Amino acid sequence: QERAFLCCMAPRGIVAAAISSVFALSLVSLGYAGALAIVPVTFLVVFVTVLLYGSLAGVLARRLGLAQANPQGVLFVGADPWVRAVASALHDEQIPVFLVDTHFENIRDCRMSGLPCLYGSALAEETREAIDYSGLGRMLAVTSNDEVNSLACMRYAEDFGRQEIYQLPFAPRKEGRHEAVPAEHRGRFLFGQEHTHRALSALAGPQPTVKKTPLTAEFDFAAFQARNAGTLLPLFVLKPDGKLQVATVEGLAEPQPGDVVVSLVLA
């Protein structure tokens, strides 16, 4: 909704700026000496329009209920069983989610689970325009194809910003092959360097389960790790104020009492 709103408000002065000099020269040749002022006036109007829209569009969109100041929802590119289990757990906690996949069976199961989803390639412009971005603040590329994940990160970086673009770590490369995507052309790696798509699918098993564990002063994150080492893989931390923290290869900021750790149960 915000994307459509901003597109509607986008300045339309590029045509006027391009042909203003043509009109000015034509009018001068007809004897209207003051017509030369058309060019600077046109560029001034375009500049002021861009300045006003750039500073006011976001504020107006939020006042109209078309945008959120700090959206916490997740766009999942990929909808395999373990991804659906994670999305369902977040959806149950009122975190907006949306899944996109090229496999109809995955999308069918998403629909049966009541998850917002779309059948199609996330790299296609028509798919990107059809996504419901309401409440979404980050993108996780979690398909089995490393290249597709990287391309999705490049494509959606302008929508969410590079800090909120994530993908699964690359599968180990064969000796002699050097195809790693540079950091500027990919997203932030999720969960752990060894947690590739194949590894996560194996760890989740045929019936993936997600567990949500509240932390308290008596049962803090250190106690959580000590009790669940080897049985749970922390994926997210849900803060009391509704903010969502994503686990990356850099690790999690120390969760505090009152937080809820969202973990994948290891089969």
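Is Phe-160 buried or exposed, and what is its relative accessible area? Phe-160 is buried, at 13%. The legends below describe close-up views of a predicted model.

**View 1. The aromatic pair of Tyr-133 and Phe-160.** The two rings are tilted, with 40° between the planes and 6.1 Å centre to centre. Tyr-133 belongs to the loop between helix H6 (125-130) and strand S4 (136-141), whereas Phe-160 is part of helix H7 (residues 146-160), so the pair ties together parts that are 27 residues apart in sequence. Tyr-133 has a relative accessibility of 12% and therefore counts as buried, the cut-off being under 20%. This pair is one of five aromatic pairs found in a search of the whole structure.

**View 2. The stacked pair of Phe-221 and Phe-224.** The ring centres are 5.7 Å apart, and the angle between the planes is 15°. Both residues lie in helix H9 (residues 221-228), three residues apart, which is about one turn of the helix. Both Phe-221 and Phe-224 are buried.

**View 3. Arg-128 over the face of Tyr-156.** Arg-128 lies 5.9 Å from the ring centre of Tyr-156.

**View 4. Helix H8 (residues 197-204) and its buried residues.** His-197, Leu-200 and Ala-204 are buried in this helix. Seen down the axis of H8, the buried residues fall within an arc of 65°, so they line one face of the helix. After H8 comes Gly-205, with a positive phi near 80°.

Methods
Residues numbered from 1 in each chain as written. Predicted model: local features only at pLDDT ≥ 70, side-chain atom pairs only at ≥ 80, totals over all residues. Heavy atoms only, no water. Buried < 20%, exposed > 50% of the residue type's maximum accessible area, 1.4 Å probe, protein only. Helix = DSSP H or I, 4+ residues; strand = E, 2+ residues; numbered from the N terminus. Arc of directions from axis to C-beta. Phe/Tyr/Trp six-rings, centres within 6.5 Å; stacked < 30°, edge-to-face > 60°. Lys NZ or Arg CZ within 6 Å of the ring centre and 35° of its normal.
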